[in-house]
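Take a look at the model below.

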Amino acid sequence: MTQIPKLSGEDISQRVSALPGWSIDERGQLTRTFKRDNFLAGLAFVTLIADVAEQAGHHPDLLLTYPSVKVSLTTHDAGGLTDKDFQLAKQIDALA
């Protein structure tokens, strides 16, 4: 299995600035909170994210709390953020 290269701090800053609503949290993860109208809408959004994540083979941490869904991305195998995180963030934005 090929290791995916971890991004540099400068590369991360450039990429996150191109993703409105996303930020880097205190753990160095790429995060965004999406507001939903109600709990069931949040649950449906989680299901959509799960489908896309499974297809990508890259699984975010998801926190469903009324009325929002918090998504946190990192590539555990690389020990930080990689291109896979930013690609999945773009796909999640398209679902929103």
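Which residues form a nonpolar patch on the surface? Phe 39, Leu 40, Leu 43 and Tyr 66 do. Together they have about 450 Å² of accessible area. Keep in mind that this is a predicted model.

Leu 43 sits in helix H2, which covers residues 39-56. Its relative accessibility is 38%, so Leu 43 counts as partly exposed. The reason is the cut-off: buried means under 20%, exposed means over 50%, and partly exposed lies in between.

Now move to Ser 72. This residue belongs to strand S4, residues 68-73. Is Ser 72 buried or exposed? Ser 72 counts as buried, because its relative accessibility is 6%. What does Ser 72 touch, leaving out residues up to four places away in sequence? Its contacts are Arg 27, Gln 29, Leu 30, Thr 31, Pro 60 and Asp 61.

Finally, turn to helix H3, residues 83-95. H3 has 13 residues. From its first C-alpha to its last, H3 reaches 19 Å. That is close to the 18 Å expected at 1.5 Å a residue.

Which residues of H3 are buried? They are Asp 85, Phe 86, Leu 88, Ala 89 and Ile 92. Seen down the axis of H3, these buried residues fall within an arc of 160°, so they line one face of the helix. An α-helix has 3.6 residues a turn, so residues three or four places apart point the same way.

What do the buried residues of H3 pack against? Their partners are helix H1 (9-17), strand S2 (30-35), H2 and S4. H2 is the helix that holds Leu 43, and S4 is the strand that holds Ser 72.

Key. Residues numbered from 1 in each chain as written. Predicted model: local features only at pLDDT ≥ 70, side-chain atom pairs only at ≥ 80, totals over all residues. Heavy atoms only, no water. Patch = residues over 30% accessible without salt bridge, like charges linked within 9 Å, V, L, I, M, F, W, Y side chains within 5 Å. Areas by Shrake-Rupley, 256 points an atom, 1.4 Å probe, with all protein chains shown as cover. Salt bridge = Lys/Arg side-chain N within 4 Å of Asp/Glu carboxyl O. Helix = DSSP H or I, 4+ residues; strand = E, 2+ residues; numbered from the N terminus. Buried < 20%, exposed > 50% of the residue type's maximum accessible area, 1.4 Å probe, protein only. Contact = heavy atoms within 4.5 Å. Expected span 1.5 Å × (residues − 1). Arc of directions from axis to C-beta.
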